Amino acid sequence: MKARNVAIVFRKELTDTLRDRRTLISSLLLPLLLFPLLLAGVLGLTIIFVQRAERQTAQLVLLGEEHAPELARRIRSLEGVSVLRASNQYVQLINEKKLQAAVEFPPGLEINLRQNADQTQRVKVYWYEGELRSRFMLRRLQKVVKEYRDEIVKVRLAAHQLTAADARPFEFEQKNVAEAEKVTGNVLGFILPYFIIILCLTGAMYPAMDLTAGEKERGTMETILASPAGRGEIVLGKFLVVLLTSLTTTALSILSFAVTVIAGASALASISKEFVVQVSARSAATVFVVVLPLAVAFSAALMAISLIARNYREAQGYLAPLMFVVILPAMGSFLPGIELNAKLAMVPILNVSLLAKEIFAGQYSWKMMGMIFGWTCLYAAVALWFAARQFRREEVLFRT
Amino acid sequence: MIEAQKLCKEFQDKKRGKIRAVDQVSFRCQPGQIYGLLGANGAGKTTTLRMLATILKPTVGTAVVGGFDVVREPDQVRAHVGFLSTATALYGRLTAQEMVEYFGRLYGMEDGTLKKRVGEIFGRLGMEEFRDRRCDKLSTGMKQKVSIARTLVHDPPVMIFDEPTLGLDVMTARTIVGFIRECREQGKTVIFSTHVMSEAEKLCDTIGIIHDGKLLAEGTLEELRQRYQRPDLEEIFVHVVEAAA
């Protein structure tokens with residue numbers, strides 16, 4: 001095999017690929033825009049829905065209002081709340097989202113409270129979980145009711161010459177000791193490996209189809225086979241372009257994700273102050289190294305399968321089921337409680353997904369990483385051998 | 001020179017089982033001559049020529065092309081052959097010059113020599129005007145010129161043409177026919193397949209009639225006329241094929 005010929009084929013195929021609009025969109029533009037668009041889309045929509053829900057007047061009914069005139073007055077004074085006439089149909093109305101909540105006061109609530117009745121009184125709130133406006137209404141009601149209850153407790157404590165500390169002798173505090181990166185890593189570890197694996201596959205998909213089935217369809221296969229370049233040289237040159245595209249897509253997706261996360265950090269922090277977004281460059285680089293043999297396996301397998309097809313469309317038909325074969329194990333990182341072990345380290349794609357999750361969480365072992373890297377290299381070698389074999393099979397090359 | 005020695009090619013078909021597309025085909029073509037393989041569609045012309053160009057491997061038999069064996073030295077054979085067919089399309093996203101240079105590099109040409117050679121060919125074929133235009137933007141005639149330039153770039157001693165005028169308009173077909181004649185005048189060994197009788201009559205020094213994978217008759221046009229007592233090549237062809245059926 002002549003390295004010069006491999007380089008010539010590689011250079012030509014790269015030029016050709018960079019001039020293919022489909023490849024540019026799927027391999028370069030999509031990974032660059034996916035995360036910013038996802039984040040902007042999700043955050044934008046959330047903000048729009050929250051603001052709209054906050055702006056809209058909430059409808060409420062008070063059941064047994066005569067038993068709690070003071071509490072009812074406080075609820076009625078809430079801004080943006082409209083109290084409707086009490087109706088027995090309140091459950092149905094809440095279900096139909098015509099009503100956001102119903103508050104039910106027990107008989108003689110405030111009289112009992114003033115008389116220090118022994119029995120705890122129960123104020124019930126009916127609401128609709130999953131509806132944003134109903135949830136907002138519930139929160140506001142909880143605040144009003146809590147304030148009212150605290151006032152009563154305060155009066156009662158004073159009557160017994162007790163302080164607030166007597167009623168609440170100790171606090172139960174939680175303190176998270178995990179580093180910010182690991183907290184973020186745990187969260188990101190669920191989603192990021194999946195996206196990286198899928199983009200690694202889709203990045204290779206279009207050039208793999210274009211340089212094999214596309215070549216057959218355009219009638220250039222015979223042209224290149226008639227050249228002095230050997231079959232091995234041709235397949236290696238093509239493979240290197242597919243691999244480069246796949247790795248570029250992966251690198252761009254990681255880069256795009258990092259930029260998106262930094263840009264969106266303040267927005268995420270507004271959702272939860274404990275959510276500090278921090279991913280180290282080392283984690284990202286380690287994941288990239290782990291994904292490397294997987295990209296080799298994907299590129300070679302996609303080429304070998306696409307080569308069977310007579311044209312681009314047929315190749316798409318063959319590769320569509322492959323997407324599902326990859327998606328399922330790639331989703332391994334979503335599953336909570338799965339721990340990597342020697343057996344799982346052998347399962348292609350799932351092993352990389354779980355390892356990437358652990359790397360982002362900063363909890364990986366070098367031994368496991370070595371095992372998974374080794375297994376993935378083995379699968380990559382098999383895929384590459386298969387692709388090279390396909391390129392030597394006349395019935396595949398000249399299938400019409 | 002081209003010398004085919006009992007070339008056979010079998011394919012496996014899912015429905016029909018094993019098919020012998022080329023069966024014991026032997027012939028010889030000398031430098032400065034055009035050998036025409038005449039046959040109907042599916043006769044085995046393309047398979048024979050693909051074996052000579054080492055795109056397909058013979059099941060049995062071999063051939064010596066330009067002094068190299070197609071089975072043992074396929075790389076050397078390809079380096080000394082120019083192969084042109086209607087199936088050898090161009091890379092649409094490359095320019096005419098990039099296309100020809102790509103193949104020149106694969107033929108092992110150094111940059112300086114290649115530039116000079118490409119300049120010569122482009123000048124001779126009148127391709128200067130569209131040298132930087134992408135192949136998918138070229139007319140059929142222009143595309144054929146780029147294909148010719150591609151086969152000529154390394155100045156091969158052997159030229160293989162597989163139905164090169166199929167589907168082309170009269171003017172473009174004439175360019176190709178003229179180019180094939182030029183190759184003979186330059187002393188190249190030329191083999192050419194067609195099912196167009198008039199083309200074979202005009203061009204070929206030797207004609208081989210191939211049918212069902214077998215070479216049924218061979219000779220100069222005059223020899224065939226005398227042997228089969230028919231003045232017209234089409235009549236000869238039909239007679240030979242029917243006699244074999």
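Residues are numbered from 1 along each chain as its sequence is written, while chains are lettered from A and ligands numbered from 1 in the order in which they are written. Because the model is predicted, local features need pLDDT of at least 70 and side-chain atom pairs count only at pLDDT 80 or more, whereas totals for chains, interfaces and linings use all residues; side-chain values use heavy atoms, with hydrogens and water left out.

Chain A has 16 helices and 4 strands, where helices (H or I, at least four residues) and strands (E, at least two) are DSSP runs numbered from the N terminus. Buried residues make up 45% of the 400 residues in chain A; buried means under 20% relative accessible area, with exposed over 50% and partly exposed in between (1.4 Å probe, protein chains only). Of the contacts in chain A with a separation of 6 or more, 78% join residues 24 or more positions apart, a contact being heavy atoms within 4.5 Å.

Chain B, for its part, has 9 helices and 10 strands. Its radius of gyration is 18 Å, close to the 18 Å that the globule rule gives for 245 residues, so chain B is as compact as a globular protein of that length. The C-alpha trace of chain B spans about 55 × 40 × 35 Å along its principal axes, and 54% of its 245 residues count as buried. In chain B, residues 24 or more positions apart account for 65% of the contacts with a separation of 6 or more.

The interior can be followed through the nonpolar cores, each a set of buried Ala, Val, Leu, Ile, Met, Phe, Trp, Tyr and Cys residues joined through side-chain atoms within 4.5 Å. The largest holds 160 residues, of which Leu52(B), Val146(B), Ile160(B), Phe161(B), Ile207(B) and Ile209(B) touch the most other members. Helix α12 of chain A, residues 281-308, gives the most to this core, with 14 residues. A second, separate core of 20 residues includes Ala68(A), Ile75(A), Ala101(A) and Val144(A). Returning to Val146(B), and leaving aside neighbours within four places in sequence, the residues in contact with it include Leu90(B), Met99(B), Met127(B) and Phe130(B).

Leu52(B) is one of the buried residues of helix α1(B), among which are also Leu49(B), Arg50(B) and Met51(B). This helix, residues 45-52 of chain B, is mostly covered, with 7 of its 8 residues buried. Just after α1(B), Thr54(B) takes a positive phi of about 65°.

In chain A, Met368(A) lies in helix α15, residues 366-390, and counts as buried at 14% relative accessibility. Not counting residues up to four places away in sequence, Met368(A) touches Leu340(A), Asn341(A), Ala342(A) and Ala345(A). Met368(A) and Leu340(A) are 28 residues apart in sequence, while their C-alpha atoms are 7.9 Å apart in space.

Terms used: Rg over C-alpha atoms; globule rule 2.2 N^0.38 Å.
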